[in-house]
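Hi there,

Here is the structure I promised to pass on to you. Have a look at it first, and then read my notes below.

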Protein chains: 2
Amino acid sequence: MKKISFILIVLVAISCSTVPKPATSGDPLPSWNDGTNKQTIINFVKEVTTAGDKFVPIEKRIAVFDNDGTLWCEQPLYFEMIYSVDMTKAIASQSKELQKKPELKALANGDMKTFMKGGEKSILEAFAISHSAVKPEVFDKMAQTWLDTAIHPRFKKKYSELTYKPMVELLKYLRDNGFKTFIVSGGSSQFIRNFSEKVYGIPAEQVIGTMLKAKYDEPTHSIAVTTDLWHNDDKEGKPVGIFQIIGRKPILAFGNSDGDQQMLQWTSTNTLPNLSLILHHTDAEREYAYDRPSKIGQLDKAMTEAKEKGWILVDMKQDFKTIFAFE
Amino acid sequence: MKKISFILIVLVAISCSTVPKPATSGDPLPSWNDGTNKQTIINFVKEVTTAGDKFVPIEKRIAVFDNDGTLWCEQPLYFEMIYSVDMTKAIASQSKELQKKPELKALANGDMKTFMKGGEKSILEAFAISHSAVKPEVFDKMAQTWLDTAIHPRFKKKYSELTYKPMVELLKYLRDNGFKTFIVSGGSSQFIRNFSEKVYGIPAEQVIGTMLKAKYDEPTHSIAVTTDLWHNDDKEGKPVGIFQIIGRKPILAFGNSDGDQQMLQWTSTNTLPNLSLILHHTDAEREYAYDRPSKIGQLDKAMTEAKEKGWILVDMKQDFKTIFAFE
């Protein structure tokens, strides 16, 4: 009996040590098809977590992931853009002040066509209004309600169900191996924080996104978000955001578009072993197929650089056994 | 035997669950004298970690700490200011370009008096040069060398030895109870990240500080820090920084000066149970005694508000059994 107790106590000690448990036996990435890309990822994780030349201390195992098109779907339009327009419509319909602008009056009346005439400018206006016209607490409630109810036009599912199962597995696999996982997205931190913990296991404080300038309102002791841009977390803004906010260069970066190119570049200059990966949307049947000429999630220069530098191009059609959990 | 194995397995399950272990038995804060303040802290931690009305889920246990004057000494001058001037001297002595400015030529030649004639302006100039004139990797090496060698004029100890033992205990006690501890400092993130993990157990990515604008240099794939201010993490900048970067309102905030007032205010508007604390420097013999009229670490308005709102005023002379570990 003593012997058994001793063994169990040793097991407790091992499994409770600060070093995380090694990946559970069996396939850590069951939604990935076997192949070179899956094997490269697994080999990398094994190397950096095993004593030897390529070992990376746990505090330096920083992994960064783009969100739109990398962790969840971004077609036919970035989901946060759809949200922003929906919310701006709701906010404008309650505000005589905002309805002084003809395009917002049109939107409030459900005339989407008139509102969208401005193209990108209309989208940015909706982004600024939806994020700044209400208090952050109200923003969070609106975002959560939207995420619980709005339905994707093609898949007829909630947007939060359109996360990629193999990517969610990869996030967990990395964390099980001592990595700290971050989102580094062109979308807003405010929006992403409303679902990142629930759908990805990534807490609010590990989300870096685009941020509007915020102010502290002294009399009410509250935060008010303005319409001015503070940090544009896209392209060169991504390594800058990581530098400022995480303060360490990642050893793994995963993106899907030219907006991620600089983040992958910067990661690949790490003197520690590192891995840069791009998710290539190749499956029109199960999801979407797009790259060089696409308006949303354009993958052109980054694909060229990936091929030159040997970054991993993950092929959704070939590499993903399952794309969405609901399949 | 089966029964014992079962009990041990249950113990394994309990101790390995994501909820951290309760604080070890015995006094979790041995460097604090027994008294109301220590008891208030312990009661708060017990309440928010125990099932009941005041329980706070683990992901919401965010604790924020000012650094200068709260976690380590800030007299006779903020240590980072001393560092900035030392580094600017070293950088200017290597740069004909910088020596075109008379005050920097004087500094390069060891004439501190002439350099410091500009007062606060000189300090800010030194801050900007020391943080921007060299690459971030070089900055880190210089900071580490300085921390390993520079000596405090009064205590004749390295600056990193001038952390407050009771505060380091408190950080650990909070983490042992599932809190995530952050530094929210008027000092620069870049500087603080060079010692926060080692002396406080706070990793780089949990440090928010003042930040200069940084740029991504496309040709070299590297980050360059500029001389322009991006985020002034002082006064109202503190709640703003927490909102932008952590994305959650803390339930515990600890500061020592008027620069922390807004952070404590904002924390005390949390709808969850919360605690705001101020470290009052009252011990001229073992450390320093200063508050309302002090130039460094002025504690005036925040002390008035503390008394009005019942924030905890920790009295270093009364509440700290030990101040520095080397005592």
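Predicted model: local features only at pLDDT ≥ 70, side-chain atom pairs only at ≥ 80, totals over all residues.

Residues are numbered from 1 along each chain as its sequence is written, chains are lettered from A and ligands numbered from 1 in the order in which they are written, and side-chain values use heavy atoms, leaving out hydrogens and water.

**Cavities**

A cavity here is a set of points, on a 1 Å grid over the protein atoms alone, where a 1.4 Å probe fits but cannot get out; lining residues have an atom within 4 Å of a point. Grid points are joined across faces, edges and corners, and a volume is the space filled by probe spheres set on the points. There are 2 cavities of 30 Å³ or more.

The largest cavity holds about 80 Å³ of space. Its lining includes F243(A) and Q244(A), along with residues of chain B, among them F127(B), H131(B) and R193(B). β3(B) gives the most to this lining, with 3 residues. (Helices, H or I of at least four residues, and strands, E of at least two, are DSSP runs numbered from the N terminus.) The lining divides into 5 nonpolar, 6 polar and 1 charged, where Ala, Val, Leu, Ile, Met, Phe, Trp, Tyr, Cys and Pro count as nonpolar, Asp, Glu, Lys and Arg as charged, and the others, Gly among them, as polar.

The second largest cavity has a volume of about 30 Å³. Among the residues that line this cavity are W72(A), E80(A) and F195(A).

**Helix pairs**

Helices α2 (residues 36–49) and α8 (residues 165–176) of chain B pack at an angle of about 15 degrees, their axes 11 Å apart. Axes are lines fitted to C-alpha atoms, for helices over the stretch in contact, and angles run from 0 to 180 degrees between N-to-C directions. α2(B) and α8(B) are therefore roughly parallel to each other (angles under 35 degrees count as such). Their contact (heavy atoms within 4.5 Å) is made by I41(B), I42(B) and V45(B) of α2(B) with L170(B), Y173(B) and L174(B) of α8(B).

In the other pair, the axes of α3(B) and α6(B) come within 8 Å and cross at roughly 65 degrees.

Enjoy exploring!

Methods
1 Å grid on protein atoms, 1.4 Å probe; cavity = no way out; pocket = protein on both sides within 12 Å on 5 of 7 lines; lining within 4 Å. Parallel < 35°, antiparallel > 145°, perpendicular 65-115°, else oblique.
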